[in-house]
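Hi everyone, thanks for making time this morning. I'd like to walk you through one model, so please have a look at it on the screen and then we'll go through it together.

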Amino acid sequence: MTDQRLLNRFDLVLAESFRRTIRDCGGEIWEANGVVSWASSLKQSSPAHANGVMRLNRLMSAREVMGITAGFFRARGHGYTVLVRSDDLALRGEIQRAGWRMHAEHVALVMTEPPDEHASGDDVDRRRVKDPLGMLDFCATAVAAMGSDQDVQRFVNLGLRRIQALLGPTKAAFLAYDDGTAAACALGSLIDGVSLVGWIGTKPEQRRRGLATAATRAVIQAGFDQGATMAAALSPVPAVHYFTPMGFEEVGRYREYVFPPPR
């Protein structure tokens, strides 16, 4: 069920996370009347961290949003991802009238209480990333977890191999180790009192053993320890079952539309 108050807060935090990522990468941000567009040096359409757009309010018409967005990315020769709230019927309709189909649906999830101290996974070897060696382990684990998606690999090399992406007072990056080898990862970013959790994954050969869950729980706890009043995650629909046992609840949904680079 949609919770407008929490979803509006989620909206602002998610947009700020994209802004921070792009600033750290030396990219470009354009904003006007509640529309936020961001572009990295990569020309690829996805993931949304690289090139994307969100509409945070309805001051600009849906047609204007799509026209200005198309011009912003066309001038750079980039593809891009549009994240549309499911309740933004006007923008969804404008995109569909242009002939574009939804690429994926994501669920906005939040939890307002710290995780159970006695939850399973406490026996997993979890370590916070604190130095360049840990950063390398994190990036390698993230790439391995995402498989053969070259767009994700390129973005990891651009966006995560930077000190400010994984270290610092607003970051909590954790790795779960198996027999001394990094096997799973999760990253939390503290934004306006919310710990936004992402980059969760496990190397294929070490899945289904609770390693990513252990890393994620450590990230969530670190966020609350840093002063967060809420943890949040944007999850693909098929992965929601991973979050709900931890205490996350759905507050809304986003639809993702992917526009390829101009030919």
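Let's start at one ring: the charged end of Arg76 sits over the ring of Phe72, 3.9 Å from its centre. For a charge to sit over a ring, NZ of Lys or CZ of Arg has to be within 6 Å of the ring centre and within 35 degrees of the ring normal. There is another such case, with the charged end of Arg127 over the ring of Tyr177, at 3.8 Å from the ring centre.

Before I go on, a word on what you're looking at: this is a predicted model, in which local features need pLDDT of at least 70, side-chain atom pairs count only at pLDDT 80 or more, and totals for chains, interfaces and linings use all residues. Residues are numbered from 1 along each chain as its sequence is written, and side-chain values use heavy atoms, with hydrogens and water left out.

Back to Phe72, then. How many aromatic pairs does the structure hold? There are nine, where a pair means rings of Phe, Tyr or Trp (its six-membered ring) with centres within 6.5 Å, called stacked if the planes are under 30 degrees apart, edge-to-face if over 60, and tilted for the rest. One of them is Phe10 with Tyr254, a tilted pair at 5.9 Å centre to centre and 40° between the planes. This pair links distant parts of the chain: Phe10 belongs to helix α1 (residues 4–25) and Tyr254 to strand β11 (residues 249–259), 244 residues apart. Helices (H or I, at least four residues) and strands (E, at least two) are DSSP runs here, numbered from the N terminus. Both partners, Phe10 and Tyr254, are buried; buried means under 20% relative accessible area, exposed over 50%, and partly exposed in between, using a 1.4 Å probe and protein chains only.

Phe72 and Phe73 make a pair as well: because their ring centres are 4.9 Å apart and their planes stand at 90°, the pair is edge-to-face. Phe72 and Phe73 are each buried. The two rings also belong to one aromatic cluster, together with Tyr80, Trp100 and Phe259.

Staying with strand β11, Val251 is found there too, and this valine is buried at 3% relative accessible area. In sequence Val251 and Val107 are 144 residues apart, while C-alpha to C-alpha they are 7.8 Å apart in space.

Now the helices. Two packed helices are described by the angle between their axes and the distance between the axes. Here the axes are lines fitted to C-alpha atoms, for helices over the stretch in contact, and angles run from 0 to 180 degrees between N-to-C directions. Helix α2 (residues 62–74) and helix α3 (residues 89–97) have axes that come within 8 Å and cross at roughly 55°, so α2 and α3 are oblique to each other. Helix α4 (residues 132–145) packs against helix α5 (residues 150–160) at about 160°, with the axes 9 Å apart, and so α4 and α5 are roughly antiparallel. The cut-offs are under 35 degrees for roughly parallel, over 145 for roughly antiparallel, 65 to 115 for roughly perpendicular, and oblique for the rest.

Glu94 sits in helix α3 and counts as buried at 16% relative accessibility. Glu94 and Thr112 are 18 residues apart in sequence but 35 Å apart in space, C-alpha to C-alpha.

What about disulfides? The structure holds zero, a disulfide being a pair of cysteine sulfur atoms within 2.5 Å.

Last, the backbone. Most residues other than glycine have a negative phi, and most peptide bonds are trans. A cis peptide bond joins Ser46 and Pro47, with omega about 0°, and Pro47 lies in the loop between β2 (35–39) and β3 (51–55). Asp179 has a positive phi, near 55°, in the loop between β7 (171–178) and β8 (181–191), and this aspartate is exposed at 76% relative accessibility. Asp192 also has a positive phi, about 50°; Asp192 lies in the loop between β8 and β9 (194–202) and is exposed, with a relative accessible area of 59%.
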